[in-house]
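Here are a few friendly notes to read beside the structure. Take them one at a time, and look up each residue as you go.

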Amino acid sequence: MSGTLIVYQSRGGHTSRVTRRLMETLHAAGSACEMMDIVEAQQEGFDWDKYDTVIVGCPVLYGDFDKRIKAFIAENQDKLEARTNGFFCLSVVARNPVKATVEGNRYIQKFLAEQTWKPQNLKVFAGKVDYPSWGFFDSLSIKLIMKMTKGPTASDTVIDYTDWNEVEAFGLQIHQARTGDE
Ligand SMILES: Cc1cc2nc3c(=O)[nH]c(=O)nc-3n(C[C@H](O)[C@H](O)[C@H](O)COP(=O)(O)O)c2cc1C
């Protein structure tokens, strides 16, 4: 066991970019790291013995996390708990600093309440708004959320709310958790 694996789900590609930045940060700090889409992880499986650290990440989609991510966690909770572990999620409501905290984010609070895995490393990131690449109904739903939370509703809006320094800081946190390095 000598590396980190980040298992992720991404619908529009933004969580993939966040995962890649985490992986690059771990590499730069000296930790071996790989990333794997949840479909590959579930369908093809992987050798858990290769990894001393497994991190899971996904966006909030319609108020919830992807069911494959939740199934992966439920099926592998013992393996996650036997390693350094962590979880991160993205959502547009987290562009509000209070909702970017674990305590202030109701999606992560619901997730923590409904299952028994308590991730050692936990992080909430703000995600991306990209109406032009989302379908009509998806855009409409997010515009409603935005209307309620006083966010942008113009159809040409593309805004990356992610704080990339925070992403790198979380990558370093994982590196430190698995190595004990300061
Ligand atoms: C179909 C859809 C539903 C979403 N539902 C929510 C939601 O309920 N709450 C929220 O805060 N953000 C929501 N978002 C915003 C996403 O969490 C955010 O855009 C994230 O960056 C998407 O990551 P991805 O590109 O990896 O799929 C939604 C986005 C889409 C496309």
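1. Let us begin with the domains. This is a predicted model, and the protein in it is divided into two parts: domain 1 covers 3–127 + 163–179, while domain 2 covers 128–161. Look at the numbering of domain 1, which is written as two stretches. Between the C-alpha centres of domain 1 and domain 2 there are 24 Å.

2. Next, the place where the domains meet. Here 14 residues of domain 2 are in contact with twelve residues of domain 1. The size of an interface is often given as the accessible area lost when the parts come together. For domain 1 and domain 2, the area buried between them is about 1,000 Å², with 49% of it on carbon and sulfur atoms. Which three residues supply more of the area that domain 1 buries against domain 2 than any other three? They are Tyr 62, Val 92 and Arg 95, which supply 51% of that area.

3. Now for charges and polar atoms. Two salt bridges are found across the interface of domain 1 and domain 2. Do find the side chains of Arg 11 and Asp 138, which form a salt bridge at 2.3 Å, N to O. Between domain 1 and domain 2, eight residue pairs are in polar contact. On the side of domain 1 that touches domain 2, the residues comprise five nonpolar, five charged and two polar.

4. Finally, turn to the ligand. Around the ligand there are 22 residues, of which Ser 10, Thr 15, Val 60, Tyr 107 and Lys 128 come nearest. Ser 10 places a polar side-chain atom 2.5 Å from an oxygen atom of the ligand. With Arg 11, a polar backbone atom is 2.8 Å from a ligand oxygen atom, and a polar backbone atom of Gly 12 is also 2.8 Å from an oxygen atom of the ligand. How much of the ligand does the protein bury? Taken alone, the ligand exposes 640 Å², and the protein buries 97% of that.

Definitions and conventions:
Residues numbered from 1 in each chain as written. Predicted model: local features only at pLDDT ≥ 70, side-chain atom pairs only at ≥ 80, totals over all residues. Heavy atoms only, no water. Domains from an automatic or database assignment. Contact = heavy atoms within 4.5 Å. Buried area = accessible area lost by both parts, 1.4 Å probe. Salt bridge = Lys/Arg side-chain N within 4 Å of Asp/Glu carboxyl O. Polar contact = N/O pair within 3.5 Å; in protein donor to acceptor, adjacent residues only side chain to side chain. Nonpolar A, V, L, I, M, F, W, Y, C, P; charged D, E, K, R; others polar. Near = heavy atom within 4 Å. Areas by Shrake-Rupley, 256 points an atom, 1.4 Å probe, with all protein chains shown as cover.
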